[in-house]
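I opened this entry to record what I looked up in the structure. My notes follow in the order in which I made them.

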Amino acid sequence: MNVESTLFTDPNTTPHLTNAPPLPPEAPPQQDRLGPEEPLDRFLHAGIGRMAAGFSPMGLAEAWFDWAVHLSVSPARMAEIAITGLSEASRLAELNVQMLTKGGECSPCEHSLPQDKRFRHPSWRQWPFALFAESLLACERTLDEASRHIHGSTEHHMALLRFVGRQALDLVAPSNFPMTNPEVLDATLKSGGSNLVRGASFALEDLQRLLARQPPVGAEAFVPGHTLAITPGRVVHRTPLAEIIQYAPATPAVHAEPVVIIPAWIMKYYILDLRPQNSLVKHLVDAGFTVFMVSWKNPSAADRDVGLDDYRVQGVLPAFATALAITGARRAHAVGYCIGGTLLGLAAAAMARDYDDRIETLTFLAAQTDFRQAGELSLFVDESQLAILDDMMSEQGILEASRMASTFHLLRSNDLIWSRMIRHYLLGQREPMGDVAAWSTDATRMPSRMHSEYLRSLYLNNDLAEGRLLVDGHPVSLRDIRRPIFAVGTEWDHVAPWRSVFKLHMLTDAEVTFALTNGGHNQGIVSPPSRADRHVRIATAKMHERHQGPEHWLQAAEYHEGSWWPHWFAWLALHSSSQTSRPQSVATPGDEALGPAPGLYVHG
């Protein structure tokens, strides 16, 4: 008998035939190939993308066709939608007759979405303005009904149609026009029209600044290193992609393990180090922690080939190495914010896979690791949209900062576009610039390769959560992570919805403490104890504990008034080994020339 053909039955191994034919290798992902005709196609696609403000008209046409063709063969559903439209029209006619004949008031805000603040002023309760507002809200409800429960259509397409439809309705909302906005009419009559004159001057000034690529009015008062990002520290290491900042300890004794923060590179890092009163960094050092921060370079066209893994290799890993070398600690507390948290997740999974135990705890701030329910940003992620985006970025090598800013503004167009235009240009009220608002104007560019990899691998294919993402040529799994985790979600987050962040419970075998705070993606995280309008819910799931869904968690979690920061600081202290009074150096020999915080990259 041929020994090589025997069946091995070792109980500790899976039986197999040694001479069995090898399994075929997994098919490699389809590569983007440039044929002789493709440069012309790319040029055309990029032009279409520019004319469509960075979006894909083909993707929208595909969504409309999906809706139309499936609705056309669903007569019962068409009848239901028609009945909804007729009911709304009948209700509006009845409301109009009632207000004309009997008088009284109507409160449109009672029928709007909770986050819609356009019609809350008492003047919107009077005829005809109440009728104007109710007509818009009726159109919104009809649109919503017409783009749901279409048998056979994809939910992504229906959500895209709802989004585009709402943008169109927001454009023609009665609140946007002087003659149909009672607040504007009242202000105009009382001021003799001076509000419109001021608004016109504001609009001209803003247009001039936009054309000159200058920041908005008031942003000049918020400068990193002068009024923002002023917590004392030094740049202790620099790579081609990142600067590592160490902040000077503020207490005689410090916790042994340093805190290493990986912020997002979509915006500047100093959202976590604004003014002293709302700086997370300053509150950490005041609580006895030694803090290290990664400050990312604002890439240029020369960085077009920088990939997602380069941010791990040139940012995350040097930050760990530098922090541990300077402090002498064996492990560090790792913190990731937004996309920085996603990067931290894949880096930590790779370290766990390779038995690298330099992480003591992990903290994820509004950071997603599973992108199947990634919120409204996923509306802009499909093959058609990414093809247009790739072709646009191939020309410049980067995604311009204005493209990202426009996308985020569209997600909250009522708050970030229309309501501001009404206040500034119709009411003539220039609202003061705040530190968070000024920071949001300091946007960064994205390397084309990195941005394409990020959107395709994570948002479109969900490779990290599903175990297909390769790091150093081998797949990584979040389930390899065993260190304690503290994760923060925010109730009104449109970028990283808290239920999506919550999925981390299902992806790891670690102990997970989850905190849900009120606020949005930025304001919920920048939540100092001085904020009296904050609350937080917290609960801990032990290792191997039976899973509970987000709704059950919401009912069971402990409710606390105030900021989540003190709870996190106490959690970090609990998972720190000891305190030491040994002086912590803020620069290694030869690094003094790198300069003080906030460093050079933040000004790029």
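**Surroundings of an aspartate**

I began with the contacts of Asp206: leaving aside residues up to four places away in sequence, Asp206 touches Val217, His424, Tyr425 and Arg430. The model is a predicted one, and I read the entries below with that in mind.

I then located Asp206 in the secondary structure and found Asp206 in helix 7, which spans residues 194–211.

Next I asked with which side chain the side chain of Asp206 makes a polar contact. The partner is the side chain of Tyr425, at 2.6 Å. Tyr425 is also among the residues that Asp206 touches.

**A covered strand**

I turned to strand 12, residues 485–490, and noted that the strand is mostly covered, with six of its six residues buried. In a regular strand the side chains alternate between the two faces of the sheet. For strand 12 I listed Ile485, Ala487 and Gly489 as pointing one way, and Phe486, Val488 and Thr490 as pointing the other way.

Which strands pair with strand 12? I recorded strand 7 (residues 359–365), which runs parallel to strand 12 and is joined to it by four bridges. On that side, Leu365 stands opposite Val488 of strand 12. I also recorded strand 13 (residues 512–517), paired with strand 12 in the parallel sense over six bridges. Here Phe486 stands opposite Thr513 of strand 13. Both Phe486 and Val488 are buried.

Methods: Residues numbered from 1 in each chain as written. Predicted model: local features only at pLDDT ≥ 70, side-chain atom pairs only at ≥ 80, totals over all residues. Heavy atoms only, no water. Buried < 20%, exposed > 50% of the residue type's maximum accessible area, 1.4 Å probe, protein only. Helix = DSSP H or I, 4+ residues; strand = E, 2+ residues; numbered from the N terminus. Pairing = 2+ DSSP bridges. Polar contact = N/O pair within 3.5 Å; in protein donor to acceptor, adjacent residues only side chain to side chain. Contact = heavy atoms within 4.5 Å.
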